[in-house]
Amino acid sequence: MTEQQAPAPFEPVDEDWQSALVVVAHPDDMEYGGAAAVARWTDQGKKVVYVMVTSGEAGIDGMAPEQCGPLREAEQIASAAVVGVDTVEFLGHPDGVVEYGLPLRRDIARAVRRHRPDIVITSNFRDTWGGVFLNQADHIAVGRATLDAVRDAGNRWVFRELADEGHEPWDGVKEIWVAGSPESAHAADTTEHFDRGVASLEAHKAYLAGLGGAMADARGFLEGVGRGAGTRLGTRFAVAFEVFPLR
(Lines give C-alpha, C1' and ligand atoms only; values in the text may rest on other atoms or scores of the structure.)
Protein backbone atom coordinates (compact mmCIF):
# COMPACT_ATOMS: atom_id res chain seq x y z
CA MET A 1 0.00 0.00 0.00
CA THR A 2 1.47 3.36 -1.05
CA GLU A 3 1.86 5.99 1.67
CA GLN A 4 0.00 9.21 0.82
CA GLN A 5 2.33 12.18 0.45
CA ALA A 6 1.51 15.30 2.47
CA PRO A 7 0.76 18.42 0.39
CA ALA A 8 3.59 20.91 0.01
CA PRO A 9 3.66 23.85 2.45
CA PHE A 10 2.27 27.18 1.25
CA GLU A 11 4.50 30.22 0.76
CA PRO A 12 3.24 33.56 2.13
CA VAL A 13 1.87 35.90 -0.53
CA ASP A 14 3.90 39.05 -1.22
CA GLU A 15 2.10 41.88 0.56
CA ASP A 16 4.31 44.68 -0.80
CA TRP A 17 1.49 46.49 -2.58
CA GLN A 18 -1.02 49.26 -1.87
CA SER A 19 -4.15 48.60 -3.95
CA ALA A 20 -6.10 45.57 -5.12
CA LEU A 21 -9.08 45.00 -7.38
CA VAL A 22 -11.25 41.96 -6.64
CA VAL A 23 -13.23 40.67 -9.63
CA VAL A 24 -15.68 37.82 -8.95
CA ALA A 25 -18.87 36.50 -10.48
CA HIS A 26 -21.37 36.85 -7.62
CA PRO A 27 -22.08 38.50 -4.30
CA ASP A 28 -20.77 36.02 -1.66
CA ASP A 29 -17.94 34.63 -3.83
CA MET A 30 -15.21 36.48 -1.96
CA GLU A 31 -16.83 35.79 1.39
CA TYR A 32 -16.54 32.02 0.97
CA GLY A 33 -12.94 32.05 2.18
CA GLY A 34 -11.31 35.27 0.97
CA ALA A 35 -12.89 38.07 3.00
CA ALA A 36 -10.73 37.53 6.08
CA ALA A 37 -7.64 38.21 3.94
CA VAL A 38 -9.25 41.43 2.72
CA ALA A 39 -9.78 42.48 6.35
CA ARG A 40 -6.08 41.84 6.97
CA TRP A 41 -5.08 44.05 4.05
CA THR A 42 -7.43 46.94 4.77
CA ASP A 43 -6.14 46.92 8.35
CA GLN A 44 -2.68 47.39 6.85
CA GLY A 45 -3.95 50.52 5.12
CA LYS A 46 -4.31 48.98 1.68
CA LYS A 47 -7.14 49.96 -0.68
CA VAL A 48 -9.35 47.12 -1.91
CA VAL A 49 -12.20 47.54 -4.42
CA TYR A 50 -14.81 44.88 -5.25
CA VAL A 51 -16.29 44.32 -8.72
CA MET A 52 -19.17 41.85 -9.04
CA VAL A 53 -19.80 40.69 -12.60
CA THR A 54 -23.43 39.81 -11.75
CA SER A 55 -25.82 40.83 -9.00
CA GLY A 56 -26.45 37.22 -7.99
CA GLU A 57 -30.11 37.51 -8.98
CA ALA A 58 -30.44 33.80 -9.79
CA GLY A 59 -29.04 32.71 -6.44
CA ILE A 60 -32.16 32.23 -4.30
CA ASP A 61 -34.60 29.61 -5.55
CA GLY A 62 -37.60 31.01 -3.69
CA MET A 63 -37.14 34.62 -4.80
CA ALA A 64 -37.67 36.10 -8.27
CA PRO A 65 -34.57 37.70 -9.84
CA GLU A 66 -36.23 41.13 -9.90
CA GLN A 67 -36.41 41.10 -6.09
CA CYS A 68 -33.31 39.01 -5.50
CA GLY A 69 -30.80 41.16 -7.40
CA PRO A 70 -31.26 44.41 -5.43
CA LEU A 71 -31.34 42.48 -2.14
CA ARG A 72 -28.12 40.66 -2.90
CA GLU A 73 -26.43 43.89 -3.98
CA ALA A 74 -27.38 45.45 -0.63
CA GLU A 75 -26.10 42.40 1.27
CA GLN A 76 -22.81 42.51 -0.64
CA ILE A 77 -22.28 46.20 0.14
CA ALA A 78 -22.91 45.52 3.84
CA SER A 79 -20.66 42.45 3.73
CA ALA A 80 -17.81 44.38 2.12
CA ALA A 81 -18.04 47.12 4.76
CA VAL A 82 -17.34 44.53 7.49
CA VAL A 83 -13.86 43.97 6.04
CA GLY A 84 -13.08 47.60 5.23
CA VAL A 85 -14.18 47.78 1.58
CA ASP A 86 -16.21 50.88 0.71
CA THR A 87 -16.36 50.56 -3.08
CA VAL A 88 -18.48 47.77 -4.57
CA GLU A 89 -19.44 47.83 -8.25
CA PHE A 90 -21.82 45.61 -10.24
CA LEU A 91 -21.29 45.07 -13.96
CA GLY A 92 -24.79 43.77 -14.65
CA HIS A 93 -24.03 40.54 -16.51
CA PRO A 94 -26.81 37.92 -16.16
CA ASP A 95 -26.36 35.55 -13.24
CA GLY A 96 -25.96 31.88 -14.08
CA VAL A 97 -25.26 32.40 -17.77
CA VAL A 98 -22.11 34.54 -17.79
CA GLU A 99 -20.24 34.00 -21.03
CA TYR A 100 -16.50 34.18 -21.48
CA GLY A 101 -15.90 36.49 -24.42
CA LEU A 102 -14.97 39.95 -25.59
CA PRO A 103 -17.80 41.86 -23.85
CA LEU A 104 -16.81 40.40 -20.48
CA ARG A 105 -13.10 40.97 -21.08
CA ARG A 106 -13.84 44.56 -22.10
CA ASP A 107 -15.88 45.27 -18.97
CA ILE A 108 -13.21 43.87 -16.68
CA ALA A 109 -10.42 45.64 -18.57
CA ARG A 110 -12.37 48.89 -18.13
CA ALA A 111 -12.51 48.32 -14.38
CA VAL A 112 -8.78 47.60 -14.26
CA ARG A 113 -8.00 50.78 -16.18
CA ARG A 114 -10.28 52.87 -13.96
CA HIS A 115 -8.98 51.59 -10.63
CA ARG A 116 -5.32 50.99 -11.67
CA PRO A 117 -4.54 48.35 -9.01
CA ASP A 118 -1.24 46.75 -8.06
CA ILE A 119 -2.86 43.34 -7.56
CA VAL A 120 -5.96 41.76 -9.12
CA ILE A 121 -7.77 39.00 -7.25
CA THR A 122 -10.34 36.64 -8.72
CA SER A 123 -11.90 33.31 -7.80
CA ASN A 124 -11.13 29.79 -8.88
CA PHE A 125 -11.45 29.21 -12.64
CA ARG A 126 -10.38 25.56 -12.57
CA ASP A 127 -12.93 22.90 -13.52
CA THR A 128 -13.13 21.63 -9.93
CA TRP A 129 -12.35 22.76 -6.38
CA GLY A 130 -9.99 19.81 -6.17
CA GLY A 131 -11.02 16.19 -6.62
CA VAL A 132 -14.45 15.72 -8.18
CA PHE A 133 -16.35 18.69 -6.69
CA LEU A 134 -17.27 20.64 -9.81
CA ASN A 135 -16.84 24.39 -10.09
CA GLN A 136 -19.70 26.60 -11.30
CA ALA A 137 -19.78 27.95 -14.86
CA ASP A 138 -19.86 31.66 -13.94
CA HIS A 139 -16.78 31.28 -11.72
CA ILE A 140 -14.88 29.63 -14.55
CA ALA A 141 -15.87 32.28 -17.12
CA VAL A 142 -15.09 35.24 -14.85
CA GLY A 143 -11.79 33.86 -13.60
CA ARG A 144 -10.51 33.10 -17.08
CA ALA A 145 -11.73 36.43 -18.45
CA THR A 146 -9.98 38.26 -15.61
CA LEU A 147 -6.65 36.65 -16.48
CA ASP A 148 -7.00 37.95 -20.03
CA ALA A 149 -8.59 41.31 -19.18
CA VAL A 150 -5.72 42.35 -16.93
CA ARG A 151 -3.37 42.05 -19.89
CA ASP A 152 -5.94 43.65 -22.21
CA ALA A 153 -6.01 46.64 -19.87
CA GLY A 154 -2.34 47.31 -20.55
CA ASN A 155 -2.57 47.16 -24.34
CA ARG A 156 -3.58 50.43 -26.00
CA TRP A 157 -4.63 48.65 -29.18
CA VAL A 158 -7.03 46.18 -27.51
CA PHE A 159 -10.47 47.65 -26.84
CA ARG A 160 -9.50 51.04 -28.29
CA GLU A 161 -12.87 52.47 -27.29
CA LEU A 162 -11.77 52.40 -23.66
CA ALA A 163 -9.20 55.10 -24.33
CA ASP A 164 -11.89 57.10 -26.13
CA GLU A 165 -13.92 56.86 -22.91
CA GLY A 166 -10.98 58.34 -21.00
CA HIS A 167 -9.59 55.08 -19.60
CA GLU A 168 -5.89 55.08 -20.41
CA PRO A 169 -4.01 51.75 -20.49
CA TRP A 170 -2.78 50.32 -17.18
CA ASP A 171 0.01 47.74 -17.12
CA GLY A 172 0.89 48.23 -13.46
CA VAL A 173 -0.66 45.00 -12.17
CA LYS A 174 2.14 43.00 -10.54
CA GLU A 175 0.31 39.73 -9.96
CA ILE A 176 -3.09 38.05 -10.34
CA TRP A 177 -4.19 36.00 -7.34
CA VAL A 178 -6.80 33.26 -7.71
CA ALA A 179 -8.56 32.54 -4.42
CA GLY A 180 -9.51 28.99 -3.60
CA SER A 181 -7.73 27.41 -6.56
CA PRO A 182 -6.82 23.72 -6.17
CA GLU A 183 -3.47 24.72 -7.72
CA SER A 184 -2.69 27.20 -4.92
CA ALA A 185 0.89 27.39 -3.67
CA HIS A 186 0.63 30.60 -1.62
CA ALA A 187 -1.54 31.84 1.24
CA ALA A 188 -2.25 34.76 3.56
CA ASP A 189 -2.42 34.34 7.33
CA THR A 190 -5.96 35.24 8.46
CA THR A 191 -5.79 34.05 12.06
CA GLU A 192 -6.35 37.51 13.56
CA HIS A 193 -9.06 38.40 11.02
CA PHE A 194 -10.97 35.13 10.84
CA ASP A 195 -13.97 36.35 12.85
CA ARG A 196 -14.43 39.34 10.54
CA GLY A 197 -14.40 36.97 7.60
CA VAL A 198 -17.19 34.98 9.24
CA ALA A 199 -19.18 38.15 9.94
CA SER A 200 -18.72 39.22 6.33
CA LEU A 201 -20.23 35.96 5.06
CA GLU A 202 -23.02 36.12 7.65
CA ALA A 203 -24.04 39.52 6.23
CA HIS A 204 -25.49 37.57 3.27
CA LYS A 205 -28.49 36.70 5.43
CA ALA A 206 -31.12 36.12 2.78
CA TYR A 207 -28.75 34.15 0.58
CA LEU A 208 -27.65 31.85 3.42
CA ALA A 209 -31.25 31.34 4.52
CA GLY A 210 -32.21 30.28 1.01
CA LEU A 211 -29.11 28.13 0.58
CA GLY A 212 -29.42 25.87 3.62
CA GLY A 213 -27.12 22.91 4.28
CA ALA A 214 -23.46 22.92 5.27
CA MET A 215 -22.55 25.97 3.20
CA ALA A 216 -25.10 28.06 5.11
CA ASP A 217 -23.11 27.44 8.31
CA ALA A 218 -20.71 30.33 7.80
CA ARG A 219 -18.41 29.64 10.73
CA GLY A 220 -18.31 25.89 10.25
CA PHE A 221 -17.60 26.12 6.52
CA LEU A 222 -14.91 28.78 6.88
CA GLU A 223 -13.22 26.97 9.76
CA GLY A 224 -12.83 23.88 7.60
CA VAL A 225 -11.37 25.75 4.65
CA GLY A 226 -9.29 28.12 6.78
CA ARG A 227 -7.74 25.43 8.93
CA GLY A 228 -6.77 23.38 5.90
CA ALA A 229 -4.92 26.30 4.34
CA GLY A 230 -3.50 27.35 7.70
CA THR A 231 -1.98 23.94 8.27
CA ARG A 232 -0.02 24.29 5.05
CA LEU A 233 1.07 27.86 5.88
CA GLY A 234 1.96 27.09 9.50
CA THR A 235 -0.78 29.28 10.98
CA ARG A 236 -4.17 28.64 12.58
CA PHE A 237 -6.18 30.02 9.64
CA ALA A 238 -5.23 31.11 6.13
CA VAL A 239 -6.62 31.86 2.67
CA ALA A 240 -4.98 30.07 -0.27
CA PHE A 241 -4.15 31.64 -3.63
CA GLU A 242 -2.76 30.54 -6.97
CA VAL A 243 -0.39 33.34 -7.97
CA PHE A 244 0.32 34.46 -11.55
CA PRO A 245 3.23 36.94 -11.68
CA LEU A 246 3.04 39.51 -14.48
CA ARG A 247 6.28 41.40 -13.90
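Predicted model: local features only at pLDDT ≥ 70, side-chain atom pairs only at ≥ 80, totals over all residues.

Below are my entries, in the order I looked things up.

Entry 1: I started with the strand order. Eight strands make an open sheet, and I read the order as β1-β7-β8-β6-β5-β2-β3-β4, with mixed pairing. Which strands stand at the edges? They are β1 and β4 (88-90). Each of the two has a single partner strand, so one side of each is left without a neighbour in the sheet.

**Entry 2: the β1 end.** β1 (residues 11-12) runs parallel to β7 (residues 186-189), and two bridges hold the pair. I looked up who faces whom. E11 has H186 of β7 as its bridge partner, and P12 is set opposite A187 of the β7 strand.

**Entry 3: from β7 to β8.** Next I crossed to the other pairing of β7. Here the sense is antiparallel: β7 and β8 (residues 238-245) are joined by four bridges. Which residue of β8 is the bridge partner of H186? I find F241 there.

**Entry 4: α3 on α4.** I moved on to helix packing. Helix α3 (residues 102-115) packs on helix α4 (residues 137-153) with the axes 8 Å apart and an angle of about 55 degrees. That angle makes α3 oblique to α4. I also looked up the hand of this crossing, and it is right-handed.

**Entry 5: α6 on α8.** The next pair I checked was α6 and α8. Their axes come within 9 Å and cross at roughly 135 degrees. Because of that angle, α6 is oblique to α8. I noted the hand here too: α6 passes α8 in a right-handed crossing.

**Entry 6: the cavity.** How many cavities of 30 Å³ or more does a search of the whole structure find? I got one. The space in the largest cavity comes to about 100 Å³. It is lined by 14 residues, and G33, A36, F194, L222 and V239 are the closest to its centre. I sorted the lining by class: eight nonpolar residues, five polar and one charged. By element, α1 (35-43), α6 (194-202), α8 (218-233) and β8 each give at least two residues to it.

Entry 7: Last stop, the largest pocket, with a volume of about 1,000 Å³. I count 39 lining residues for it, and nearest its centre lie Y32, W129, G180, M215 and F221. The elements that supply two or more of the lining residues are β5 (119-123), α7 (205-211), α8 and β8. Which element has the largest share of this lining? That is α8, with five residues. By class I wrote down 19 nonpolar, 15 polar and five charged residues.

**Entry 8: cross-check.** I compared the two element lists.

Note on methods. Residues numbered from 1 in each chain as written. Heavy atoms only, no water. Pairing = 2+ DSSP bridges. 1 Å grid on protein atoms, 1.4 Å probe; cavity = no way out; pocket = protein on both sides within 12 Å on 5 of 7 lines; lining within 4 Å. Points joined across faces, edges and corners; volume = space filled by probe spheres on them. Nonpolar A, V, L, I, M, F, W, Y, C, P; charged D, E, K, R; others polar. Axes fitted to C-alpha atoms, helices over the stretch in contact; angles between N-to-C directions. Parallel < 35°, antiparallel > 145°, perpendicular 65-115°, else oblique. Left-handed = near helix turned anticlockwise from the far one by under 90°.
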